[in-house]
Amino acid sequence: MPFVAAPVIIPDAIHPIFSKFAKSRTFSARQVQRAKIILLAADGLDNMQILNQVGL
């Protein structure tokens, strides 16, 4: 049974900022990857689903 990512609650005002980071071509790959992980965890995905979508 996969572990569930820690619950992440992103305020509505911050969510668009993380979305912008996740799509950025100017930020470092590490920053983009972290933003994607945070967004997926906030959507309630478990760790294995996040791993598969982010490509870790």
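Mentor: We can start with the overall layout and then turn to the core.

Mentor: This is a predicted model, in which local features need pLDDT of at least 70 and side-chain atom pairs count only at pLDDT 80 or more, while totals for chains, interfaces and linings use all residues. Residues are numbered from 1 along each chain as its sequence is written, and side-chain values use heavy atoms, with hydrogens and water left out.

Trainee: How many helices and strands does the chain have?

Mentor: There are 3 helices and 0 strands, where helices (H or I, at least four residues) and strands (E, at least two) are DSSP runs numbered from the N terminus.

Trainee: Which residues make up the largest nonpolar core?

Mentor: Leu40, Ala41, Leu45, Ile50 and Val54 do, 5 residues in all, and the elements giving two or more residues to this core are α2 (29-42) and α3 (47-54). A nonpolar core here is a set of buried Ala, Val, Leu, Ile, Met, Phe, Trp, Tyr and Cys residues joined through side-chain atoms within 4.5 Å, and buried means under 20% relative accessible area with a 1.4 Å probe, counting protein chains only.

Trainee: And what is Leu40 in contact with?

Mentor: Leaving aside neighbours within four places in sequence, Leu40 is in contact (heavy atoms within 4.5 Å) with Leu45, Ile50, Gln53 and Val54.

Trainee: Switching to α2, which of its residues are buried?

Mentor: Val32, Ala35, Leu39, Leu40 and Ala41 are buried in α2, and the buried residues of α2 pack against α1 (15-23) and α3.

Trainee: What comes after α2?

Mentor: Gly44 follows α2, and the phi of Gly44 is positive, near 90 degrees.

Terms used. Buried < 20%, exposed > 50% of the residue type's maximum accessible area, 1.4 Å probe, protein only.
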